[in-house]
Amino acid sequence: MEENKNQSQTPLSPCTPSIRCIVKLGGAAVTCKNEFEMINEEVLQKVSEQLRQAMIGSSEKPPGMDWSKRLGGSEICCNPEEFGDHSAMECSPFIVVHGAGSFGHFQASKSGVHKGPLNKPLVKGGFVATRISVTTLNLEIVRALAREGIPSIGISPFSCGWLTSERHISSADLSSVAKAIDSGFTPVLHGDAVLDEIQGCTILSGDVIISHLAAYSKPKYVVFLTDVYGVYDRPPTEPGAILLKEIAVADDGSWSVVKPKLQNSIELAVSAHDTTGGMKTKISEAAMIAKHGIDVYIVKAATSHSLRALNGDLRGSIPDDWLGTVVRSLR
């Protein structure tokens, strides 16, 4: 993502605690991408457990915070005595950003929201439908984290006034994110339909949001949780696909594969219904983050490898038995 020279935003305040990690929760990892608006409950629950372990660092699970009724389930009651002075509720500062997966992409692609303009009835209708879908997913992810005792708060870029200009961020107010962190909450943002100063509207991807947040919050590391083990030299479903273990990023944002040494070109496929660029955008944004000296780990969600990345265990040398892709600066 190119930085817009006229970009305006409210940076995180100096008193905001140092961000330990920004997590990109891939939509394809926590949803069944080929089933319309279907959450992968098993993966989401496991990811939530791993985030709790990484953020709280205690085997003791804090009291749950989702006191609403789940569809088809019984009511969850609050027992005030469970809280008391519960030390396990102290979380290290994380920011979570999730993609849309099977939520939002269909609505956006069918209506052309990513292209605008808003004076077309179909685009305006699709804009509303897309936001209904992605905020629905955001609520379910916030609830899953809350059930693990993580004090999570959903934050929508559109509602915070984030704007783009020809699809590049032109204005991003981070004050809501900063205030949430200052207050001890974990912000949970998401890819969103936003207004665009030139074309009327567009889709702001979670990957672009991550890159922007990282530039201003300077986390110790960033983790992309995906539905595959990392970045491959070609679509991972193809025979002979090779996992790229390490990608080095130069000062200008260009990148090259360090491990393993490759002789063939790399093909990064994009799904037909994906309006956010797929793996191409993911690598581009990861490179922009790494350019600031921040390691980025791309790893399969809900695995032992993802837990090691979330814990920060990979910030030195990468163990041979770790499956994933690290994107880091050449410095």
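The structure is a predicted model, so to speak of local features a pLDDT of at least 70 is needed, side-chain atom pairs count only at pLDDT 80 or more, and totals for chains, interfaces and linings use all residues. Residues are numbered from 1 along each chain as its sequence is written, and side-chain values use heavy atoms, with hydrogens and water left out.

For the protein chain, pLDDT (the predictor's confidence in each residue, from 0 to 100) has a mean of 87, with 85% of residues at 70 or more. Residues 1–8 stay under 50, and the model gives them 19 contacts (heavy atoms within 4.5 Å) beyond four places in sequence. The stretch 269–277 is also below 50, again with 19 contacts beyond near neighbours in sequence. Where pLDDT is low, the predicted coordinates should not be read in detail.

Four aromatic pairs turn up in the whole structure. Rings of Phe, Tyr and Trp (its six-membered ring) pair if their centres lie within 6.5 Å; planes under 30 degrees apart are stacked, over 60 edge-to-face, the rest tilted. F36 and F106 are edge-to-face, because their ring centres sit 5.5 Å apart with planes at 70 degrees. F36 lies in the loop between α1 and α2 and F106 in helix α4, 70 residues apart; helices (H or I, at least four residues) and strands (E, at least two) are DSSP runs, numbered from the N terminus. Ring pairs also join Y221, Y297 and W322 into a cluster.

L262 sits in the loop between β14 and α8, where it touches D233, I242, L244 and V257, leaving aside residues up to four places away in sequence.
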